Amino acid sequence: MELLTSDNAYLLGVGLLAYAVLRTLYRLYWHPLSRVPGPKLAAISSLYEFYYQCIQHGRYHFQLVKMHKQYGPIVRVGPNEVHIIDPTFYEEIYSSSTRRRNKTPQYGPQFGMPESMFATIDHQHHHARRATISHFFSKRSIQSLSPITERCVLKLMQRLQEFHDEDKVIRLDDAFAAMTSDVMTYYSYGASQGFLEDPSFRSEIRTLVNEFAATAHLNRFLPWMSMILRRIPPRILAILQPGRASTLDYLSSIHALSTQSIDTDTTAPREHKPAKHKTIFSQLADPSIPASERTRGRFQDEAIQFLMAGTETTSSALTYAAYILGSRKEFLERLREELKTVLPTPTSTASWTELEKLPYLTAIITETLRLSAPVMRLPRVAPTETLTYNGYELPPGTTLSASAYFIHRDPTLFPEGDTFNPDRWLQGEKSEHLKRYMVAFSKGSRACVGINLAYNELYLALAYFVRRFDFELYDTTPEDMELVAETVLQVTRRGFPTVYARITGVVGE
């Protein structure tokens, strides 16, 4: 019996058309979010966002800006998603662990590492995974490991000195990324990988981050693509995509390190023996953790997650700070005068605790994070709560999102929000109130676990850099730093923020 007759094909076509029409009518008029303002096309289909994120390469952010100007603080940005830019509602979306907040399944495959903590959908599952490593990133733990950060920062200062002595132009973003990469690999596996030693600050991790970020939006809409790529042997994938060969080689080495780091065999090569301190991956391999959580796939996905989250974000902030200080010498000189109180000579050192007490340094770092934070929205789902905003009922299962970009530029909190103004953080009680709305690391039960490590690197690297060196920007203009797209991180016309400079002198010489 022939199934695909012309009559059957016709009926199938009519059925599909009827389904599409009925689904469209439901989403427009009967869906629980039908009263929420927003573009009709966004309410009908996720193809609206797909166009801006995948066809227009990460430009949905700019469409969000337009939508909020037209429709107000709450906008329906997808068939089952609302985006809210009201700072007072942020903590309802990104709430503490006492209230359940899941991720949406659509965002799980975003970076092609489905077994990582970042991609964990269920609230309780994420809570359990985070609990196994949260103490590793506590302020006390990071302080005890601060000598590792300082060693990498001092190596960075040595390399900057070399560029000064040889009168060479330096890409500061590459230099900062090399430093954060050496710190992160040491924290993860117990051994830095020598990125700072490389003459050009070799950038396998930066390349890896770029490639994963470039496909992040596509992975979300077409999750099967990343699943297929995961199943292709690296050697075959390198043949299919020759340009990715070096990245795949590095990824293989990271996968090997993530498993070797849990090996306690004392006959292992010296560079792979356990570090004197407990590493992230030795913690993840603790026998008290269920065996289902100690799989090879989990270690490999977590390896990628920590490298991506712990390198480019911090180095981008340092790059932005360097750009601001290089273009606004009044900020640089004021900061240097304050630094001299704890760093009396160019080669003096200070503890993270001492540097944290410097109000202007803290203000510079806080303002840097306000303006350089990732642009991406981080959707959450309240699976058991009905939330209400401005009279709009948001039933359980609604996808809720907000973006630090909008919170950090809210005119009621941050007048002239696009202007770098560290003094806004030096106004006593008013500044203390503003800190509640600093969400560069997100908030709630899924806030960035590495916040203390990031601050540790920011304080040490920025303080030592400014205290030791005079520098001037080279071939870097305001246009080069403008946001043109987002692939999780801010993207400029040069890609991730890129700053060239000359080290013109050593302070005190």
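# Salt bridges, strands and a surface patch

Student: What sort of model is it, and what are the ground rules?
Tutor: It is a predicted model: local features need pLDDT of at least 70, side-chain atom pairs count only at pLDDT 80 or more, and totals for chains, interfaces and linings use all residues. Residues are numbered from 1 along each chain as its sequence is written, and side-chain values use heavy atoms, with hydrogens and water left out.

Student: OK, which residue does Arg377 bridge to?
Tutor: Glu81, with N to O at 2.7 Å. Arg377 lies in the loop between helix H18 (359-372) and strand S4 (380-381), and Glu81 in strand S2 (residues 81-84), so the pair ties together parts that are 296 residues apart in sequence. Helices (H or I, at least four residues) and strands (E, at least two) are DSSP runs, numbered from the N terminus.

Student: Is Arg377 buried or exposed?
Tutor: Arg377 is buried, with a relative accessible area of 7%. Glu81 is buried, also with a value of 7%. Buried means under 20% relative accessible area, exposed over 50%, and partly exposed in between (1.4 Å probe, protein chains only).

Student: Which way do the S2 residues point?
Tutor: Glu81 and His83 point one way, Val82 and Ile84 the other. All are buried.

Student: What pairs with S2?
Tutor: Strand S1 (residues 74-78) does, antiparallel, over 4 bridges. Arg76 has Val82 as its bridge partner. A hairpin of 2 residues joins S1 to S2. S2 also pairs with strand S7 (residues 399-401), in the parallel sense over 3 bridges. There, His83 stands opposite Ser401. Two strands pair if DSSP finds at least two bridges between them.

Student: What holds paired strands together, in general?
Tutor: Strands of a sheet pair through backbone hydrogen bonds, either parallel or antiparallel.

Student: Next topic. What is the strand order in the open sheet?
Tutor: S3-S11-S8, with antiparallel pairing. The edge strands are S3 (169-171) and S8 (469-473), each pairing on one side only. Neighbouring strands are turned by 45 degrees against each other on average, direction ignored. For that, axes are lines fitted to C-alpha atoms, for helices over the stretch in contact, and angles run from 0 to 180 degrees between N-to-C directions.

Student: How many bridges join S3 to S11?
Tutor: 3 bridges join S3 to S11 (residues 500-506). In one of them, Val169 is partnered by Arg502.

Student: Which residue does Arg502 form a salt bridge with?
Tutor: Asp167, the closest N and O atoms being 3.4 Å apart. Arg502 lies in S11 and Asp167 in the loop between helix H7 (139-165) and S3, so the pair ties together parts that are 335 residues apart in sequence. Arg502 is partly exposed at 25%. Asp167 is exposed at 55%.

Student: What about Lys340?
Tutor: The Lys340 side chain meets that of Glu337 in a salt bridge, 3.2 Å from N to O. Lys340 is partly exposed at 33%, and Glu337 is partly exposed at 46%.

Student: Which residues join into one network?
Tutor: Arg171, Asp173, Asp174, Arg206 and Glu312, through salt bridges that share partners.

Student: Last one. Which residues form the nonpolar patch on the surface?
Tutor: Leu17, Val21, Leu22, Leu25, Tyr26, Tyr29 and Trp30, with about 770 Å² of accessible area together. Trp30 sits in helix H1 (residues 6-30) and is exposed at 57%. Patches are made of residues with over 30% relative accessible area and no salt bridge: like charges are joined within 9 Å, nonpolar side chains (Val, Leu, Ile, Met, Phe, Trp, Tyr) within 5 Å. Accessible areas come from the Shrake-Rupley method with a 1.4 Å probe; for residues, only the protein chains shown count as cover.

Notes
A salt bridge is a side-chain nitrogen of Lys or Arg within 4 Å of a carboxyl oxygen of Asp or Glu.
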